[in-house]
Amino acid sequence: MPSGRVHNLINIAAYSVLAAGVLVASRAGLVTVTPVQALNFTLGFAAGTFLLSPDLDLAEGRVDSKRHWGLLGALWVPYGMIFSHRGLSHTWVVGPLTRLAYVAVIVALVVGLLRTFVPDVPLPGIPEPISLKFLVPVLLGYYLSQWLHLVADGVRPDHGMRRGMRKLGR
Ligand SMILES: [Zn+2]
C-alpha cells in the first residue's frame with residue numbers, strides 16, 4: 001500500500017499527463033474546455049488528493065492527509081474511528097461520498113453552533129443555485145483523484161459494499 005506521499009506523486013503525475021492531453025486535444029479542436037471548467041476540475045482534484053484522501057480512515061492516528069488540515073486535522077479523528085482502514089471508505093462510489101457527507105456534517109455543526117451562540121456573526125451565504133455546470137467538473141476532478149488512489153491501493157471497483165458495511169458495523 002503506497003504511502004501518502006507516493007499517492008500524492010501518482011495523482012500529480014496523472015494530473016499532469018491529463019492536463020497536457022487536454023491541452024493538445026483542445027488545440028486540435030477535439031475538445032472544448034473552458035478556463036472555468038478547468039479550474040473547477042483542478043479544485044476538485046486537488047481537494048480530493050490533498051484534503052479528502054481515502055486514507056483519512058486512519059485519522060485516529062497519524063496520516064499524511066490529516067496533516068494537510070493543520071490544526072483542523074483533529075476534526076477527522078471521529079471519521080478515522082468510524083471507518084475501518086480500507087473498508088467502506090475505500091469503495092469507489094460510496095467511499096468518496098462518505099467524506100463529502102462528513103465535511104457537510106462538520107460544516108452544519110459549526111454553522112449551527114455559531115448561529116446559537118454568536119447570532120450576529122455574518123456567515124457567507126451559498127451562491128444559489130449551485131449550477132450543475134459548476135458541480136460536474138468539481139465532482140469529476142474529485143472522483144478521479146479518489147479513483148487514482150484506489151487503483152494505486154489495488155482496490156477494485158467491485159470492492160464489496162457488503163464487506164465495507166460489515167467492517168463499518170464492527
Ligand atoms: Zn488508501
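## The nonpolar core

In this predicted model, the largest nonpolar core has nine residues: L52, L56, L58, A59, V63, W76, Y79, F83 and L88. Take W76 as a way in: leaving aside residues up to four places away in sequence, W76 touches L56, A59, K66 and W69.

## How α2 meets α6

Two packed helices are described by the angle between their axes and the distance between the axes. Here, α2 (residues 35–51) and α6 (residues 132–153) have axes that come within 7 Å and cross at roughly 35°. The crossing is right-handed.

If you want to look at the contact itself, α2 brings in Q37, N40, F41, T42, L43, G44, F45, A47, G48 and T49. Facing them from α6 are F134, P137, V138, L139, L140, G141, Y142, L144, S145 and Q146. Sorted by class, that makes eleven nonpolar residues, nine polar ones and no charged ones.

## The annotated spans

An unreviewed UniProt entry marks residues 6–26, 68–88, 100–118 and 130–152 as "transmembrane region". In the model, residues 6–26 are 100% helix and 0% strand, with the end C-alpha atoms 30 Å apart. Residues 100–118 come out at 95% helix and 0% strand, and their end C-alpha atoms lie 26 Å apart.

Most residues other than glycine have a negative phi. R86 has a positive one, near 65°. You'll find R86 in the loop between α4 (77–82) and α5 (94–117).

Is R86 buried or exposed? It counts as buried, because 22 other C-beta atoms lie within 10 Å and the cut-off is 20 or more.

How values were computed. Residues numbered from 1 in each chain as written. Predicted model: local features only at pLDDT ≥ 70, side-chain atom pairs only at ≥ 80, totals over all residues. Core = buried A, V, L, I, M, F, W, Y, C linked by C-beta atoms within 7 Å. Buried ≥ 20, exposed ≤ 12 C-beta atoms within 10 Å, placed from the backbone. Contact = placed C-beta atoms within 7 Å. Axes fitted to C-alpha atoms, helices over the stretch in contact; angles between N-to-C directions. Helix = DSSP H or I, 4+ residues; strand = E, 2+ residues; numbered from the N terminus. Left-handed = near helix turned anticlockwise from the far one by under 90°. Nonpolar A, V, L, I, M, F, W, Y, C, P; charged D, E, K, R; others polar. UniProt positions renumbered as here; feature names shortened; annotations may be inferred.
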